[in-house]
Amino acid sequence: MKIDLSGKSALVTGSTTGIGFAIAQGLAAAGAEVIVNGRKPAAVAEAVERIGRAVPGAKLRPAVADVSSAEGCAELAAAVPEADILVNNVGTFEMKEFFDIPDEDWQHIHDVNVMSGVRLSRAYMKGMLARNWGRVVFISSESGVNIPIEMIHYGVTKTAQIALARGLAKLTRGTGVTVNSVLPGPTMTDGVREFLREMAAESGKSIEETAGDFVRTHRPTSIIGRMAAPEEIANMVVYVASPQAAATNGAALRVDGGVLDTLA
């Protein structure tokens, strides 16, 4: 299967590091013009430069905006009025006991993980429907189905993303637009690596050993028994964004390493 996204534009939120960066690079390699988004100009410029080195001839545009706020989303939509592919990737997480999570933490994680996708889908989907082609992808998590007790607020936002994607998909009935969510399992992103580095320093183990311990302890149903690489998540997203995925709509697509012990 050869995926060709030439002539398509793709906006990937939070694409300076981690899964978002891998998605942006994967879409660029498939020929899409990719809008790389982040909050800091230096980080966005560095990401654009890195993707350009990895994908010679890549079509890339920087877009600096903090999409955790309504103002930031409006700023981004004004700078990038149209997109054929929208990947709602930006997200945040923290491990915290439920009784220690104040209202402001709940509001912040909801604004970043959920409302950014609400606002940007509202900004871009009408154009997709008018052109009769488009892809909206939410980067959710297996934690949206299997709510982790160590970060309940995060799990709740990931459930909301799955529900949001399903609801938006129903608005595309009979068109060439699709909306899906992708559910990664534990993934070795830059943020996770930093979290594991702190754990490794306390235990005296390597980051790789600590990652294995984390999966065995916190995601014991994992079949692959390891953390995924960001590129493995990106491969699914590139497919979902492609013309070949036209019959996949309203789906919650698992790239969880078998963590979810369900048949569907």
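Phe98, Phe99 and Trp106 form one aromatic cluster (rings of Phe, Tyr and Trp, the last by its six-membered ring, pair if their centres lie within 6.5 Å; planes under 30 degrees apart count as stacked, over 60 as edge-to-face and the rest as tilted). The structure is a predicted model, in which local features need pLDDT of at least 70 and side-chain atom pairs count only at pLDDT 80 or more, whereas totals for chains, interfaces and linings use all residues. Residues are numbered from 1 along each chain as its sequence is written, and side-chain values use heavy atoms, with hydrogens and water left out.

In the pair of Phe98 and Phe99, the ring centres are 5.2 Å apart and the planes stand at 75 degrees, so the arrangement is edge-to-face. Phe98 is partly exposed at 38% relative accessibility, whereas Phe99 is exposed, with a relative accessible area of 77% (buried means under 20% relative accessible area, exposed over 50%, and partly exposed in between, with a 1.4 Å probe and protein chains only). Phe98 is placed in the loop between β4 (85-88) and α4 (helices, H or I with at least four residues, and strands, E with at least two, are DSSP runs numbered from the N terminus). Between the C-alpha atoms of Phe98 and His153, which are 55 residues apart along the chain, the separation is 7.7 Å.

The rings of Phe195 and Phe214 also form a pair, with centres 6.2 Å apart and planes at 85 degrees, so this contact is edge-to-face. Distant parts of the chain are linked by this pair, since Phe195 belongs to helix α6 and Phe214 to helix α7 (residues 207-218), 19 residues apart. Phe195 is partly exposed at 23% relative accessibility, while Phe214 is buried, with a relative accessible area of 10%.

Charged side chains are also placed over aromatic rings. Lys8 lies over the face of Trp133, at 4.0 Å from the ring centre, and the charged end of Arg50 sits over the ring of Phe21, 4.0 Å from its centre (the criterion requires NZ of Lys or CZ of Arg within 6 Å of the ring centre and within 35 degrees of the ring normal).

The largest pocket contains about 1200 Å³ of space. On a 1 Å grid over the protein atoms alone, a pocket is an open set of points where a 1.4 Å probe fits, with protein on both sides within 12 Å along at least five of seven lines, and lining residues have an atom within 4 Å of a point. Grid points are joined across faces, edges and corners, and the volume is the space filled by probe spheres set on the points. The lining of the largest pocket comprises 44 residues, of which Gly91, Thr92, Phe93, Thr189 and Gly191 lie nearest the centre. At least two lining residues come from each of α1 (18-29), β2 (33-38), α4 (103-131), α5 (152-170) and α6 (190-203), and α6 provides the largest share, five residues. By class, the lining has 18 nonpolar, 19 polar and seven charged residues (Ala, Val, Leu, Ile, Met, Phe, Trp, Tyr, Cys and Pro count as nonpolar, Asp, Glu, Lys and Arg as charged, and the others, Gly among them, as polar). Because domain 1 (9-185 + 230-255) and domain 2 (188-227) both give residues to the lining, the largest pocket lies between them; the domain bounds come from an automatic or database domain assignment.

Further positions concern backbone geometry and separations along the chain. Most residues other than glycine have a negative phi. The phi of Asn132, by contrast, is positive, near 65 degrees. Asn132 lies in the loop between α4 and β5 (134-139) and is partly exposed, with a relative accessible area of 44%. Leu129, found in helix α4, is partly exposed at 30% relative accessible area; its C-alpha atom is separated by 45 Å from that of Arg197, 68 residues apart along the chain. Gly26 lies in helix α1 and is partly exposed at 22% relative accessibility. The C-alpha atoms of Gly26 and Ile51, 25 residues apart along the chain, are separated by 9.3 Å. Gly250, in the loop between α8 (230-240) and β7 (252-255), is buried, with a relative accessible area of 14%. The C-alpha atoms of Gly250 and Ala30 are 220 residues apart along the chain and separated by 23 Å.
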